Amino acid sequence: MNRVQLPNKLSGETKTVTFDFSSLLASGETISTKVVAATVYSGTDASPSSLISGSATASGAVVSQKVTAGTVGVIYELTCTITTSASQTLLLVGLMAVTPSEP
């Protein structure tokens, strides 16, 4: 499994996280489908999927996903799964903590 670094998210913000597949794609290979899913890595959140806002988008080899809300103190595992024009299924996984908006 390939890991990526994701920044922490403040509880009150909506932001975009990115997954760069450049090093995994062959020359000329493109992204056909993409989806990002959220699960709890550490902590408690009964509905981690509500962290995901809208559908993932792709520009070249980079997939972008908006994330929103989340439970303070929870570390989420975000898994980006793509299929490619060469019929590969590739995954990138990152951990993202939700921190308080105010110190």
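# Reading the labels on this model

User: What makes Leu91 count as buried, exposed or in between?

Analyst: Leu91 has a relative accessible area of 38%. Buried means under 20%, exposed over 50%, and partly exposed in between, with a 1.4 Å probe and protein chains only, so Leu91 gets the label partly exposed. By the way, this is a predicted model, where local features need pLDDT of at least 70, side-chain atom pairs count only at pLDDT 80 or more, and totals for chains, interfaces and linings use all residues.

User: Where is Leu91, and which residues does it touch?

Analyst: Leu91 is in strand β8. Strands here are DSSP runs (E, at least two residues), helices are H or I runs of at least four, and both are numbered from the N terminus. Setting aside residues up to four places away in sequence, Leu91 touches Asn2, Phe21, Thr79, Cys80 and Thr81, where contact means heavy atoms within 4.5 Å.

User: How many helices and strands are there?

Analyst: The protein has zero helices and eight strands, so along the sequence the pattern reads β-β-β-β-β-β-β-β.

User: How do you know what the radius of gyration says about this fold?

Analyst: You set it against a rule for a globule: 2.2 Å times the number of residues to the power 0.38, with the radius taken over C-alpha atoms. For 103 residues, a compact globule would come out near 13 Å, and the protein has 14 Å, which agrees. Along its principal axes, the C-alpha trace spans about 45 × 20 × 20 Å.

User: What makes a group of residues a nonpolar core, and which members touch the most others here?

Analyst: The members must be buried Ala, Val, Leu, Ile, Met, Phe, Trp, Tyr or Cys, joined through side-chain atoms within 4.5 Å. The largest core has 24 residues, and those touching the most other members are Phe19, Phe21, Val36, Leu51, Val63, Leu78 and Ile82. Elements giving two or more residues to this core include β3 (15–20), β4 (31–42) and β7 (75–84). Beyond four places in sequence, the contacts of Phe19 include Val4, Val36, Val63, Leu78 and Leu92.

User: Why is the Arg3 and Glu77 pair called a salt bridge?

Analyst: A salt bridge needs a side-chain nitrogen of Lys or Arg within 4 Å of a carboxyl oxygen of Asp or Glu. Arg3 and Glu77 have an N to O distance of 3.6 Å, so they pass. Arg3 is in strand β1 (residues 2–5) and Glu77 in strand β7, so the pair ties together parts 74 residues apart in sequence. Glu77 is buried, at 18% relative accessible area. The structure holds two salt bridges; one of them joins Lys15 and Glu13 at 3.7 Å, N to O.

User: What makes Glu29 lack a salt bridge, and which polar contact does its side chain have?

Analyst: With Lys and Arg as positive, Asp and Glu as negative, and His and chain ends not counted, the nearest opposite charge to buried Glu29 is Lys34, 15 Å away. Its side chain does have a polar contact of 2.8 Å with that of Gln88. That term means N or O atoms within 3.5 Å; within protein, one must be able to donate a hydrogen and the other to accept it, and sequence-adjacent residues count only if both atoms are side-chain atoms. Glu29 is in the loop between β3 and β4.

Notes: Residues are numbered from 1 along each chain as its sequence is written. Side-chain values use heavy atoms; hydrogens and water are left out.
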